[in-house]
Amino acid sequence: MNIDLTQAALKFTPFHNRTSRACRTNSWYRWSGYTVVAEYSTTELEYTATRNGTSVMDLTPMYKYEIKGERAKEFINYFVTRDLSEMKDNTVAYVIWCNEAGKVVDDGTVFCLNQNEFKICCAVKMQTWLKDSAEGFDLDINDVTDDIAALSVQGPTSCSVLKNYGATNLESLKPFESKDFTIDGYSVLISRTGFTGDLGYELWTNPENAEKMWDSLMESGKHLKIRPMGMHALEMVRIEAGFIQTGTDFVSTEHALRPVRMRSPYEIGMGWLVHLTKKDYFIGKRALKAEKENGTTERVLVGLDIEGDKPAHGAVIYNKKKEDVGIVTAALWSPTLKRNIAIASLMRPYGTKIKDDIFVEIYHPEELEYKKIWATCKVVKRQFYSPERRNMVPAEVY
Amino acid sequence: MTKKIYDAIVVGAGHNGLTAASYMAKAGLDVLVLEKNDYIGGAAVSRELFPGWKYSNCSYVCSLLRPEIMRDLELYKYGLQIIPYEGSATMMKNGDYYAHYHDHDMTVKSISRHSKHDAEAYDRYSRDVMRQCKIIKPLLKMTPPDLTSFKPKDILGALEFAKHFAAKDELGGLGEKEIYDTIRFYTMSIADYLDEYFETDITKAHLAGSAIIGTALGPCSPGSAYVLLHHYMGEVDGSIGSWGYARGGMGSITKAMGECLKSHGGTIQASSEVTNVIVKNGRAVGVATLNGDEFYAKKVVSNLDVKRTFLKITDESDLQPDFVERVKNFKIRGSSGKLNIALEGLPTFPSIPKDDPGGNGDLHFTETIEEMEGAYDDWKRGQWSKMPYVDMCLPSKSDPTMAAPGKHFMSVFIQYVPFELANGGWNEQRKQDFGNHIINRIAEYSPDFKDLIAHYEVRTPKDIHDEVGLTEGNIFQGELTMDQLMFNRPITGYAQYRAPIKDLYMCSSSTHPGGGVMGAPGANAAREILSDMNIKQKGNHY
Amino acid sequence: MSIKYDVIIVGGGHNALICANVLAKKNKKVLICEARETCGGLLTNDLTNFTPSFSNKVKSEIDNISVDHSSVSTIALSETGHHLKLTGNIYEDKKTLEQLAPEDVDRYFKLQKKLSLFSKTLGSFMHSSPPRILHKSFSDYFKLFKLGLNVRLMGRNSFNEFARMIGLNIADELEDNFKNTLLQGLISHDAITGSNLGPRSPGSLINLLFRMANHDNSLFGGIQQVKGGVNAVMKSLEENVIKRGVEIKTSSSVKRCIIENDQVKGIELDDGTSIHANTVISSADPKSTYLCLLGAEHLDTDFKRRIKHYRAKGRVSKLQLVLSKIPQFTNLESKDLSQRLVISPSIDYIEENFNYSKFENLSPEPILELSVPSVEDELLCHNGNHIMNVQIQYAPFNVKGGWENKKAECINNVLTTLEKYAPEIRSCILEQEFISPNDIEKNFNVSGGHWHHGEIQIDQLFMLRPIPGAAQYKTPVSGLYMCGAGTHPGGGMTGIPGKNAAHEVLKNI
């Protein structure tokens, strides 16, 4: 293969030599300006690896930013809606951040390396937003996306794989904790985090160690049902886990062309991350407080349990009177749950007070013809699947 | 024998005149179009000025032409095909280049070679400009309301204009903040606007080009951000802001319109320069031409710019002095020139890698806003810019019909060139000096360029003024500044395509929404004329 | 801790004093904290030669100011010696123009009439806080409606003309009307003074209308000289508020506002003292108010972006010359030297100057406005010597090369220009003091050193001043208000921002 990379539209990740070799379908996906694998073998097998053994996914395209300075912690606490004033070294927090109107810019994870140094990992480009937000804080903010090779290692046997790989005593690491390891002479940051709803870890290292790391991991997992996973399977596991995705379940304020498409945290089920009682001001606090006090929240993001087995991709949701009350943002026939599930954005009071008597209109392709299905559905908790092993300490070891 | 009375006569066979004529003919009117030149098309022409090469020697690229018009007039039937640009690039003195591409990821990757910050800010910038495009798009097909009128029709029109801003469907309901952003966007300079997003000179210079093309504003002049929007609000197949070539040169647009007109029974008569509008009892009843012919019609529509319409072909005695003064004060400033070049082969531009799609679109070499503003300062002093902003393209790289295989046609648009030079008027010598100046500038970036020239044509604003008939050679038939836009265009109080003389109408780019081979003024004018005649148009989208 | 004051005003410029005066008349207990040794802010004899008089609407709400004043005419200097003197008095001006610009006489008065109608209309919007758009409040809609109606009531033709003029540049309007280049240069000068616009920049006309609205809606009338200079006005204002029980702490620089739970609780001085009050009004410029007094950690990102992009870079410098004798100006009597002398001979002259300034360069031949006020007012002499105040446009903030290196060059350019009109000027100079926009920033705590605390351009006016969403004298933090020139209707010695802000505060406490 001879591609002139300067002329290519997309960048390769540091794992490309390995992922492209493992990718038997030649099925690719565009992710934030990078080429990543959509499907290595078949999506079902990759999905099962996460629920049965261990899946390995190339996470490099996630944007990562480094925030350094004396007021770094104060800034982070001002930047996100969650109260992080007590955040400890070597921990990770799931957060969202808003604009002045109290609409969500993005969600992501904050890594506290020490009290003066943090990293933020998220799905949308955030450098200018971070820099403009940090005006007046005198901080050092850098885009380190290209400086970090990241892998997600997820599944019931993932702890064992990583122990074989060299991460001693990893089983004692609690969810949302991170730790530095030196393996084969290079350093790896391992955090117990993930986007699959299962036991799992994320690994960060310098790109020059990427291929070595990939090879060692595959070797360490060879008896533990390890398998690389592509983007299609990730979409399945994240829906089961009820995780939301920027650009799918809501539009980032930085990308929304139409102001009405912007969503407040309360409208995407992230109200639990908004700490209005936080002592200091945070971006969007005034607007969010007003929204809460005036009850002006218009929408809600819920889980749906839909009758039948035809996934409701992009379906419109109706009430009894056949009025349009919302839309399905992500849908899946769950292989593990054997349920027809979906994440949906509904106009209140549908989804909050009214949880039954709503319908989805599914157009299901059947041999070149679409069959229109009118299915009843029930509003349920968005977290459809969360096995006990996910949060167990010490983690399960095989 | 009494003379034939047409339903409508259109003066000038430019794209707006032909659009208006076609819509009227389609609605069943008997239409005559009179053109002074021996070819039709006005500023949208393809001419074989040198055997074997087609020259889009006036306008050269297409984006603003409203898709609704192409649809209503079925221009595809008459051979119109638009070819999208692959990219664009600015060449740098240090041998590097800055490029944008049809593919968004590729553009971002390319910008980040110069600045990561700018690459990221480009997303937000695109979103904000796109939002402005969405706001303005529906306004293009509206007749601006007369804000001073208390007639129900005008009040409804004004409400329609206002309602549009709050409409939820197209724009998703603008909030307070977005409305303020809009006000700011319309009044700011492009330099200030770009400063809010970008940090590097090259990014700003590359983007600012669109804000000065064709205008007598510099990048630092307030109001130049709007001009950028004017160049962005076009579309090629729904891809807003993209530009493309008309296959066969810009003349294929007017050729297709002409064919459409003829197929609906309209007549075009070339080499017939209209010298005056015949007014009887306060009504326009026809026109007289240079060779003494007179043509009569129920409606007379002028596709000439507002100055020519009222100061040249209308008797001043038929107009109020106050109106005449306003027309005189209407600003049409020549600020652009052109070089049209037939090339024996493809010139190389060493700073752009071979096969880079960025090289297949518009090429520039202005690296800073300061340089651009300096070019403007030269113009203000009555000189052509020493370091002009240049918009070069080689349509023959994408369009096989422009020149024989391996040969190329190059269109070079130059900003700024004054209509009148400070040290006396244009003459053949000065024109050649100007042409050589530009050729030398290009040769600095392309070593083999000069050797490949088979033939070239230099066009100063004066030439465009004399030959095409655009006053002062202004490509928009009137400056695009706040005082001459929307309900101020062309003359406040006369923005509804009707002249102060009954049965005389305007359909040129001097009217809303302005120039740029858009066709919208023509289509809007036709709609007003037909509505005055109580004729319903059927099945049109405009 | 007991709260002693109802309101603390940060800064002691004229808007602050007027705001305090209005509040004190309503029995509010007010404290003014001024960082400098004296009140008055940018209005000091060092910076300001002439003053407009306060409008009746402002006067009626404050205590009487007792100063002597005389009106001043404007003289456009010409190298040929055919100076053009305009007073604002129709008969005198007509006579002058008939002599110097006979072709332009009728058009001059026609233009003056038109502009004055528009400036009056603009002026009528100045005295209340601007409405917000789409804010779902009846009073906001009503204000917008009234505004539209006011404009419409000028009549169809004027309405149309007004709509056209809002975005117009001054050069076009003048070139359409006048033949005399000196007259064109003079009017353009007044349209661009204090701004970052050239006469050919769209929007420069509205700048002129704003100036006229503050000068009796007249092109050259309404300019005054006060006995003792502008300092005398400030002193009177100060005495008035002190009589009303307002406390003024000078040499007290405010470090920051104390904020608890998004509510102002008072201020902290540089020396660490805290003073409590539930209402704080800042007369500082927007950038200083938001980024220094309030602090970035209390603001949303979008808000900070807007503040950051607020354009407030000053382009006017000041040269004060102490003279050994009254200099001789060609063809000018020495008593005329106390009038407003303008060196701005043509539109092209200004535009050429603007070309230099756009990218922070100095012009070799700057635009000058000057006066020797001490000719008429002995109070303004300096140790018995005369003083000449020269205002230099455009002398940009952060000039390329830095002011510390460019000062001498700039002074030399000014003197060389002056020599063309007063050949012996250099020999009269005893002392000279130069104040650049950077000095103004440093000495007067105005970020950017801008006269008007920010550009007067359409995107920074009315409901967009200083920034959209916070244009009603309020800030996002409750209890914190603004009353400086950075708020509607903007700079100039009008006192209107101060007065309007006081009303906004009174509505809420």
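Predicted model: local features only at pLDDT ≥ 70, side-chain atom pairs only at ≥ 80, totals over all residues.
Local features are taken where pLDDT is at least 70 and side-chain atom pairs only at pLDDT 80 or more, while totals for chains, interfaces and linings use all residues. Residues are numbered from 1 along each chain as its sequence is written, and chains are lettered from A and ligands numbered from 1 in the order in which they are written.

I begin with the contacts of chain C. Two residues are in contact if their C-beta atoms, placed from the backbone, lie within 7 Å. On that criterion, 32 residues of chain C meet 29 residues of chain B. The elements of chain C that give two or more residues to this side are α6 (156-165), α7 (170-177) and α13 (347-358); helices are DSSP runs of H or I with at least four residues, strands are runs of E with at least two, and both are numbered from the N terminus. The largest share, six residues, comes from α6(C). By class, this side of chain C holds 12 nonpolar, nine polar and 11 charged residues. Here Ala, Val, Leu, Ile, Met, Phe, Trp, Tyr, Cys and Pro count as nonpolar, Asp, Glu, Lys and Arg as charged, and the others, Gly among them, as polar.

Towards chain A, 14 residues of chain C are in contact with 14 residues of chain A. Helices α11 (286-295) and α12 (301-309) of chain C each supply at least two residues of that side, and α12(C) gives the most, with six residues. The classes there are four nonpolar, three polar and seven charged residues.

Next, the interior of chain C. How many of the residues of helix α9(C) are buried? The count is 10 of the 10 residues in 204-213, so the helix is largely enclosed by the rest of the structure. A residue is buried if 20 or more other C-beta atoms, placed from the backbone, lie within 10 Å of its own. The buried residues of α9(C) include C:N207 and C:R211. Their cover includes α4 (105-124), α6, α7 and α8 (181-192) of chain C.

I turn to a helix pair. Helices α1 (residues 14-25) and α10 (residues 230-243) of chain C pack with their axes 9 Å apart, at an angle of about 30 degrees. Axes are lines fitted to C-alpha atoms over the stretch in contact, and angles run from 0 to 180 degrees between N-to-C directions. The pair is therefore roughly parallel, a term for angles under 35 degrees. On the α1(C) side, the residues that meet α10(C) include C:L17 and C:A24, and on the α10(C) side C:L237 and C:V241 are among the partners. This contact comprises seven nonpolar, three polar and one charged residues.

Finally, the strands. Chain C has an open sheet of seven strands in the order β5-β4-β13-β14-β15-β12-β16, with mixed pairing; two strands pair if DSSP finds at least two bridges between them. β5 (84-86) and β16 (429-435) of chain C stand at the edges with a single partner strand each, so one side of each is left without a neighbour in the sheet. Neighbouring strands are turned by 20 degrees against each other on average, direction ignored. Three bridges join β4(C) to β5(C) in the antiparallel sense, and C:A76 has C:L84 as its bridge partner.

In chain A, β19 (residues 358-366) runs antiparallel to β16 (residues 316-318), with three bridges. β19(A) also pairs with β20(A), residues 369-380, in the antiparallel sense over nine bridges. In the hairpin of β19(A) and β20(A), with two residues between the strands, A:E367 takes a positive phi near 45 degrees.

Key
Buried ≥ 20, exposed ≤ 12 C-beta atoms within 10 Å, placed from the backbone. Parallel < 35°, antiparallel > 145°, perpendicular 65-115°, else oblique.
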